Amino acid sequence: MSAAEGPLVVGVDTSTQSTKALVVDASTGQVVASGQAAHTVSSGEGRESDPRQWWDALCEALHQCGDAAREAAAVSIGGQQHGLVTLDAQGEPVRPAMLWNDVRSAPQARRLVDELGGPKAWAERTGSVPGASFTVTKWAWLAEHEPEAVRATKAVRLPHDYLTERLTGEGTTDRGDASGTGWWASGTESYDDEILRHVGLDPALLPRVVRPGEVAGTVRDGHDLPFSKGTLVAPGTGDNAAAALGLGLRPGTPVLSLGTSGTVYAVTKRRPADPTGTVAGFADAHGDWLPLACTLNCTLAVDRVAALLGLDREAVEPGTAVTLLPFLDGERTPNLPHASGLLHGLRHDTTAGQILQAAYDGAVHSLLGALDLVLDEDADRSTPLLLIGGGARGTAWQQTVRRLSGRPVQVPQAKELVALGAAAQAAGLLTGEDPASVARRWNTTAGPVLDAVPRDDETLDRIAGVLSDAAPLLEGAPRTR
Ligand SMILES: Nc1ncnc2c1ncn2[C@@H]1O[C@H](COP(=O)(O)OP(=O)(O)O)[C@@H](O)[C@H]1O
Ligand SMILES: O=C(CO)[C@@H](O)[C@H](O)COP(=O)(O)O
C-alpha cells in the first residue's frame, strides 16, 4: 500500500502529442506516481491520429504509474477537444480521428455558418461560430469526401469519450467537451436536432451527456489496465475545461495555456455568444461557462522556428524590428485557415535570436488580443494571468507573455493541470465535493508571481499592422506547398 493519507484517484490528460496519467492522493493533492507516452499526428494536408494509439498510450502511462494505479478508487479522462472519432459496430475506428488542428473542413465551416442563419445565429444557438476545429465541420467534410466512412459509422465520439467508453463500455460525454462539437445547443444544454439533421448525423450515434458530479460508469473487466473492476469513472471533459477545474478557477482570473494549441480563457457565469467567432462559448465541466480563444500555432510552431534557425528554444535576443507570424498550420485566431508563416522586416543586422523572439511575439500576440474578450467587463485587470501548459516552463515564453500583456504572471508549480483537473473530478466523485473546491484545497495554483512590467505596445502595434497589411497574402492558400 502507498503512504497516501486519503483514497487515490487517477487523472488523465490525453492531449495532442501525448497521454499523461497522474495518481493523486485525494486528501492532499500530492502526486504519488505519474506516467506519459507519446502519440503521432499525421503531417501534410490533414492532422489525424489513430484513436487506438491513445488507448495504448493510456495503458503505457498507467503501467508506468506502477502499483499506485491499482489502488485508485476513481479515474477521470481529460482530453484534446473537438476531434472526430468514428467507430463501427464493434467499437473499432472506421478511420483515423480528424483532430482539432485539421483545417481541411474550413470550406464546410463557412458553408454551415451561411446555411444555418449566419454567425450571430450560431453564436446564440451553440455559443460559438464554428470554424474548422469544430467537430460538426469535420463530419460535414467526411460526408463530402468519404461517404463510405460515414455509412460505416455506428458511433461518433470525442477523444476523451473514446477512452472513457473503453474503460466503462458506455458511450458518454460531458457538457464541457460537448460544447466544442457545434451540435450542442448551449441555450438548452442539449443536442441540437436541426443542426444534426442538416449534417445528416443521427443523434442515436452520439454519447449520453453525463451531468457534472454524476458517475459515468465503472471500469469493466477484460483489459490489462492496472485498475480493479468497479473503479468509479467520472465524466471527464475537454482539456481546457479540465485545466480550469485543476486550477480551481473562479470568475475574473484569466488563464493562458501554452501547448500545441495556445488558449486563453476564463470562467464566467454568463453564457458566451460572440458573433465575431473569436471567442468560443464553451461550457465548463462544473455548470458555468468557459469563453475561450485558441490558436493552432503555439509551442510546436515556435520550436520549429528555433530548429530552422539551429537555435535552442531559449536563445532569444531582444531589440527586434522583425515580425514573424508563425501560422505554420494555418490559423484559427485570427481565422486564417489557409495562412502560412510570414516573416517581415529582415535587415542585414537582424540576428537569428531576434527572429526567434519575433516568433514568440507573434504567437503570444494572437492570444493576448482575445484576453479582454474572455473576461467579464468588471474583471480586475491587475489579477495575475495564470500561465500553464508545457511552454509555461520556458523563460522565453514567460518573459514574452509578461512583456506583451503588461500584467503580473503567475506560473503554478504543478505541471500537469489538465490531468490534475481530471483527478480533482475523480476525487469529487468520492467525497461529494465540487472538483474546483478540491483543486483549491490542493493549492494547485501555488507558484512564483512575476511582477507586471510596462506593456510593449510598440511591438503589439507593429504586429497588428503587419497582420492587417498582409491580409491578402494570409487569406489565400500558399502558392506552393
Ligand atoms: N522547459 C520547456 N520550455 C519551453 N517549452 C517547453 C518546455 N517543456 C516543454 N515545452 C513545450 O511544451 C510543449 C508540450 O506542451 P503540452 O502542454 O504538454 O502540449 P499538448 O498538451 O498540446 O500535448 C512542447 O511542444 C514543448 O515545446
Ligand atoms: O482546440 C482546442 C480548444 O478549442 C485545443 O486546445 C485542443 O483542446 C488541443 O489542446 P492541446 O493538445 O494543445 O492541449
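**View 1. Leu-116 is partly exposed, since 18 other C-beta atoms lie within 10 Å of its own.** The cut-offs here: 20 or more such neighbours within 10 Å makes a residue buried, 12 or fewer makes it exposed, and in between counts as partly exposed, with C-beta atoms placed from the backbone. This is a predicted model, so local features need pLDDT of at least 70 and side-chain atom pairs count only at pLDDT 80 or more, while totals for chains, interfaces and linings use all residues. Residues are numbered from 1 along each chain as its sequence is written, and chains are lettered from A and ligands numbered from 1 in the order in which they are written. Leu-116 sits in the loop between helix H3 (106-115) and helix H4 (118-126); helices are DSSP runs of H or I, at least four residues, numbered from the N terminus.

**View 2. Who does Leu-116 touch?** Leaving out residues up to four places away in sequence, its contacts (C-beta atoms, placed from the backbone, within 7 Å) are Ala-121, Trp-122, Ile-195 and His-198. His-198 is 82 residues away from Leu-116 in sequence, yet their C-alpha atoms are 8.7 Å apart.

**View 3. Ligand 1 has 16 residues around it.** Ser-15, Gly-259, Thr-260, Gly-390 and Gly-394 are the closest; a residue is near if its C-beta atom, placed from the backbone, lies within 6 Å. Helix H11 (residues 299-309) gives the most to this shell, with 3 residues.

**View 4. Helix H12 (residues 352-368) is largely enclosed by the rest of the structure, because 15 of its 17 residues are buried.**

Methods
Helices (H or I, at least four residues) and strands (E, at least two) are DSSP runs, numbered from the N terminus. Two residues are in contact if their C-beta atoms, placed from the backbone, lie within 7 Å.
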